[in-house]
Amino acid sequence: MDELDRRLINRLQLGLPLVPQPWQVLAEELGSSSEQLRERLQRLLDDGTLTRFGPMFDIERLGGAFTLAALKVPEARFEAVAAVLAAMPEVAHNYRREHPWNMWFVLGCASLEALNDALRRIEQGTGLTPLNLPKEQTYHVGLYFPV
Amino acid sequence: MSACTSRSEQALALRLVELTQAGLPLVDDPWVWLAEQLQLSVEATLALLKRLQADGAIRRIAAVPNHYRLGYCCNGMTVWDVDDSQMPRLGRLIGAQPFVSHCYRRPRSGDWRYNLFAMVHGRSSAEINSYREHLRYLLGDACRADDMLVSSRILKKTGLRLPTGP
């Protein structure tokens, strides 16, 4: 990764400008060319430095119901419970965290009814009652990892 | 989606999600490509993107780094029991810190007493501990208790997909 890669990664985390010929505009800003920037970007995507380039949707504003939930899972059953959640398409991601509430996952469903149904199925399938913590207010969303 | 966004606009937005969920093609002028796919003029496509961005349906058109590959190995979900009456001011203050990637108010529930969540990322556990200390200092007496839940394993990561069907 060289200096241009770093500047491109930092700049593209902040967003492609919504102007005609956006790559030309960025190329002027970064002292490069549209072709070179896109080649660099393709390489960073191919080698896994970047996971995606495109519109970042606030998927909740386009419909659906979402929540953050947690389970207190006994260690002996941890893998089995993780497998139950892994098999559910409603579970977007799931992390182990070091706390008595040791499994934290995000659920995304088409409706509140479907979300509550998914929580009920998790309870029935695991015998554990989920802690359901839907967001009440968003103060900030903005991943930025300068390199 | 907000009330000011019309039904036809929402249909276009959903089509845009389908077209770009896997990523925007790295062509010389991506708006020309999108305009062809959406059967709109280039000007109308750019105007649509601007409206959706102003509306918050698109946060930005951006690169998402693999933060583990970039050395950001540690993430901590800091959680805080904050005086409800001070939450509007303090939520914004905590969310505005540059090392906080996500900040939300969530309900208290049963033995779960924390109502403010702030995700912090860093290159070492010492770094995320120092961020937690900084947030504790900012919250001061308005915070009665706090904790930091460090992630030790990714069990599943597919990302949110647009839900379809009932």
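1. Let's begin where the two chains meet. In this predicted model, the contact draws on 64 residues from chain A and 67 residues from chain B. On the chain A side, at least two residues each come from the helices α1 (3–14), α2 (22–30), α3 (34–46) and α4 (78–86), and also from the strands β1 (50–57), β3 (91–97), β4 (103–109) and β6 (137–141). β1(A) gives the largest share, 8 residues.

2. What kinds of residue does chain A bring to chain B? The side of chain A that touches chain B is made up of 35 nonpolar, 20 polar and 9 charged residues.

3. A strand pairing also links the two chains. β3(A) runs antiparallel to strand β5 (residues 143–157) of chain B, with 5 bridges between them.

4. β2(A) and β4(A) are antiparallel and joined by 7 bridges; here A:F66 is opposite A:G108 in β4(A). β2(A) also pairs in the antiparallel sense with strand β5 (residues 131–132) of chain A, over 2 bridges. In that pairing, A:A70 has A:L131 of β5(A) as its bridge partner.

5. Turning to chain B, its domain assignment lists domain 1 (7–55) and domain 2 (74–150). Taken over C-alpha atoms, the centres of domain 1 of chain B and domain 2 of chain B are 36 Å apart.

6. In soluble globular proteins, nonpolar side chains tend to be buried together. The largest core here has 24 residues, and the members that touch the most others are B:W80, B:I94, B:C103, B:L116, B:F117 and B:A118. Two or more residues of this core come from each of these elements of chain B: β2 (74–82), α4 (87–95), β3 (100–105), β4 (116–122), α5 (125–139) and β5.

7. Which residues does B:C103 touch, leaving aside those up to four places away in sequence? Within chain B they are B:G91, B:I94, B:G95, B:F117 and B:A118, and from chain A they are A:Y139 and A:H140.

8. Finally, there is a second, separate core of 22 residues. Among its members are A:I9, A:L37 and A:F57 from chain A and B:A62 from chain B.

Note on methods. Residues numbered from 1 in each chain as written. Chains lettered and ligands numbered in written order. Predicted model: local features only at pLDDT ≥ 70, side-chain atom pairs only at ≥ 80, totals over all residues. Contact = placed C-beta atoms within 7 Å. Helix = DSSP H or I, 4+ residues; strand = E, 2+ residues; numbered from the N terminus. Nonpolar A, V, L, I, M, F, W, Y, C, P; charged D, E, K, R; others polar. Pairing = 2+ DSSP bridges. Domains from an automatic or database assignment. Core = buried A, V, L, I, M, F, W, Y, C linked by C-beta atoms within 7 Å. Buried ≥ 20, exposed ≤ 12 C-beta atoms within 10 Å, placed from the backbone.
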